[in-house]
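These are my notebook entries on one chain.

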Amino acid sequence: MFNMFNYLTKRIRIFFEGFGQYLILLSQVFRSFDVWHSYIPNTIDQMIIIGSRSIPIVILTSLSSGMVACVQGAYQMTTTLVPKWYLGGIVGNGVFLELAPLITGLVLAGRIGANIAAEIGTMRVTEQIDALEILSLDPVGYLLFPRIIAGTLMFPVLIVIADFFGILGGLIICVTTLDMNVYQFLKGLRSWFNPWDPVFGLIKSIHFGFAITSIACYFGYFTKGGAEGVGKSTTSTVVASCITILVLNYFLAEILL
């Protein structure tokens with residue numbers, strides 16, 4: 001029992017030490033806003049890497065999510081007298097509020113977060129970051145600031161794409177397997193549509209983008225232990241990002257809905 005208590009207190013201390021280190025790093029990133037124009041080329045490069053290269057996986061996951069939402073909605077309606085055109089509203093609400101931002105965020109935590117952590121972690125263990133400091137370049141502003149800004153700006157764009165293809169996936173299933181036509185699906189979508197729903201999804205995406213990129217930058221920047229340390233940082237990034245997304249998802253729903 002005593003050993004368990006010591007283990008728990010040690011883990012709690014490590015967590016708060018790491019969280020404090022993370023906040024200090026964020027404060028350094030925010031100070032880089034004073035010279036943001038110096039990092040525009042790097043930011044644009046990262047926007048291309050984070051945005052355009054993530055589109056295929058976003059399309060695939062959102063199509064699948066919309067299709068599954070439609071199939072499950074139809075299954076729940078088999079024993080009721082609810083009209084079939086209600087499926088359009090069910091799919092729309094599900095995609096806008098939860099499926100598009102949450103599933104896309106979790107997938108991109110692995111796609112983007114792992115990539116950023118591995119890239120910066122490799123630069124740390126190979127002393128490239130130390131070389132930047134010797135050249136009088138701010139590694140936080142040069143490496144971390146563009147990635148965090150790019151992620152925060154590009155995640156809403158990716159969520160818009162996810163919304164579109166999520167709705168398209170539901171429409172495809174309704175038309176091809178559920179004996180519905182496009183008009184019936186769109187009728188349900190319009191009848192249940194609330195302009196706040198997609199806006200809420202975009203607000204989520206901004207928070208998710210900032211959380212994933214900043215967490216990845218933190219673990220990558222403080223990587224130790226060579227190649228093994230890079231692997232640990234990458235794994236820690238994905239786990240911490242997914243947990244943070246789930247926590248943020250709940251609190252944003254409580255606050256904004």
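I began with the term for secondary structure: helices (H or I, at least four residues) and strands (E, at least two) are DSSP runs, numbered from the N terminus. I number residues from 1 along each chain as its sequence is written, and side-chain values use heavy atoms, with hydrogens and water left out. The model is predicted, so I kept local features at pLDDT of at least 70 and side-chain atom pairs at pLDDT 80 or more, while totals for chains, interfaces and linings use all residues.

Entry: overall form. I find 9 helices and 0 strands in the chain. The order along the sequence reads α-α-α-α-α-α-α-α-α. Along the principal axes, the C-alpha atoms fill a box of roughly 70 × 55 × 30 Å.

Entry: burial and surface. I use buried for under 20% relative accessible area, exposed for over 50% and partly exposed for in between (1.4 Å probe, protein chains only). Of the 257 residues, 42% count as buried. The chain exposes about 13500 Å², and carbon and sulfur atoms supply 70% of that area. Accessible areas come from the Shrake-Rupley method with a 1.4 Å probe; for residues, only the protein chains shown count as cover.

Entry: contacts. A contact means heavy atoms within 4.5 Å. Among contacts with a separation of 6 or more, residues 24 or more positions apart account for 86%.

Entry: salt bridges. I count a salt bridge where a side-chain nitrogen of Lys or Arg lies within 4 Å of a carboxyl oxygen of Asp or Glu. How many salt bridges does this rule give? The count comes to 5.

I looked up the pair Lys204 and Glu98, whose side chains meet at 2.8 Å, N to O. This pair links distant parts of the chain, with Lys204 in helix α8 (residues 196-221) and Glu98 in helix α4 (residues 86-125), 106 residues apart. Is Lys204 buried or exposed? Lys204 is buried, at a relative accessible area of 0%, whereas Glu98 is partly exposed at 29%.

I then turned to Glu119 and Arg147, which form a salt bridge at 3.1 Å, N to O. Glu119 lies in helix α4 and Arg147 in helix α6 (residues 139-177), so this pair ties together parts 28 residues apart in sequence. Arg147 is buried, with 5% relative accessible area, and Glu119 is partly exposed at 33%.

A further salt bridge joins the side chains of Glu228 and Lys232 at 3.6 Å, N to O. Both residues lie in helix α9 (residues 226-256), 4 residues apart, about one turn of the helix. An α-helix has 3.6 residues a turn, so residues three or four places apart point the same way. Glu228 is exposed at 56% relative accessibility, and Lys232 is exposed at 53%.

Entry: helix α9. Its 31 residues reach 43 Å from first C-alpha to last, close to the 45 Å expected at 1.5 Å a residue; the expected span is 1.5 Å times one less than the number of residues. Which helices do the buried residues of α9 pack against? They pack against α4 and α8. Among these buried residues I noted Gly229, Val230, Thr237, Ile245 and Leu252.

Entry: backbone angles. Glu127 has a positive phi of about 65° although it is not a glycine, and Glu127 is exposed at 52% relative accessibility. Ser136, also other than glycine, has a positive phi near 65°. Ser136 sits in the loop between α5 and α6 and is exposed at 67%.
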